[in-house]
Amino acid sequence: MSGILYFVPTPVGNLEDMTFRAIKVLKEVDYILCEDTRTSGVLLKHYEISKPLKSYHLHNEHQMTEKVIQDLQSGQSVAIITDAGTPGISDPGYLLAKAGSDHQIEMICLPGATALIPALVVSGLPNNEFLFAGFLPPKKGRQTKLKQLAEEKKTIVLYESPHKINTTLEQIKEFFGEETKASLSREISKKFEETKRGTIDELIAFSKSKTLKGEIVLIVNNALK
């Protein structure tokens with residue numbers, strides 16, 4: 001009988017966001033897949049979890065997936081975690097989920113920490129319908145994607161890094177218009193958590209007035225003008 005593949009969310013900042021169930025699962029599986037053993041090692045040590053860690057990241061996930069599926073088919077249970085948040089959401093995990101589905105492996109994803117939902121809720125923008133677009137393409141296809149998103153009437157959720165946020169805000173102004181409503185959240189669940197809401201011009205001024213740190217969630221709505 002095949003084992004179970006668990007997708008276990010980990011805190012995006014505050015270690016107290018770890019759930020009791022997540023800790024229980026990590027203590028019970030045969031081994032844990034993680035992006036960076038050093039980062040995950042800190043979390044596991046905090047919760048006194050002693051399980052073998054195996055690296056599973058963007059550079060080796062194709063090779064590792066086949067071995068993990070074999071282990072699951074042999075009856076082992078495996079958990080996958082990432083450095084922060086829910087596996088598969090702009091992080092490694094999709095390939096493993098697809099392989100698990102193809103091989104009829106039982107898969108369970110625990111509810112838990114993710115950056116996009118808190119940022120969406122406090123944005124004050126409509127959230128009855130939204131489009132999660134993740135990270136924009138770095139170069140090729142970026143303008144095409146922005147033109148496509150500019151036609152979208154739903155609220156859009158984007159992830160962005162601090163060193164690209166000014167460029168991204170300027171491009172959103174260019175393709176969406178200067179009256180576009182937006183919200184920028186950073187350092188979610190951490191000590192210096194911060195959210196700025198306003199027009200895209202106001203967010204550009206805010207972003208340029210200080211050096212932003214931490215992963216950023218950008219919420220944009222092009223229909224509210």
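## A nonpolar surface patch

I117 sits in helix α5. Helices here are DSSP runs of H or I with at least four residues, strands are runs of E with at least two, and both are numbered from the N terminus. This is a predicted model, in which local features need pLDDT of at least 70 and side-chain atom pairs count only at pLDDT 80 or more, while totals for chains, interfaces and linings use all residues. Residues are numbered from 1 along each chain as its sequence is written, and side-chain values use heavy atoms, with hydrogens and water left out.

I117 has 38% relative accessibility, so it counts as partly exposed. The scale is this: buried is under 20% relative accessible area, exposed is over 50%, and partly exposed is in between (1.4 Å probe, protein chains only). Helix α5 (residues 116–122) gives the largest share of the patch, three residues.

K153 lies in the loop between α6 (142–150) and β7 (155–160). Its relative accessibility is 60%, so K153 counts as exposed. Leaving aside neighbours within four places in sequence, K153 is in contact (heavy atoms within 4.5 Å) with N221 and A223.

## Helix α2

Helix α2 spans residues 37–46, and S40, L43 and L44 are buried in it. Seen down the helix axis, these buried residues fall within an arc of 95°, so they line one face of α2. The arc is taken from the directions from the helix axis to the C-beta atoms. The cover over the buried residues of α2 includes α1 (20–28), β2 (31–34) and β3 (53–55). On the face turned away from the buried side, R38, V42 and K45 are exposed.

The helix has a cap at its N-terminal end. A side-chain oxygen of D36 lies 2.8 Å from the backbone nitrogen of R38. Just after α2, E48 takes a positive phi of about 55°.

## Salt bridges

The structure holds 11 salt bridges. Each is a side-chain nitrogen of Lys or Arg within 4 Å of a carboxyl oxygen of Asp or Glu. One of them pairs the side chains of K24 and E28, at 2.9 Å from N to O. Both residues lie in helix α1, four residues apart, about one turn of the helix. E28 counts as exposed, at 52% relative accessibility.

R186, E194 and K210 form a network of salt bridges. The side chains of E194 and R186 meet at 2.8 Å, N to O. R186 is buried, with a relative accessible area of 10%. E194 is partly exposed at 22%, and K210 is partly exposed at 33%. K210 also bridges to E194, with the closest N and O atoms 3.1 Å apart. K210 lies in the loop between α8 (200–208) and β10 (216–221) and E194 in strand β9 (residues 194–199), so the pair ties together parts that are 16 residues apart in sequence.

Terms used: Polar contact = N/O pair within 3.5 Å; in protein donor to acceptor, adjacent residues only side chain to side chain.
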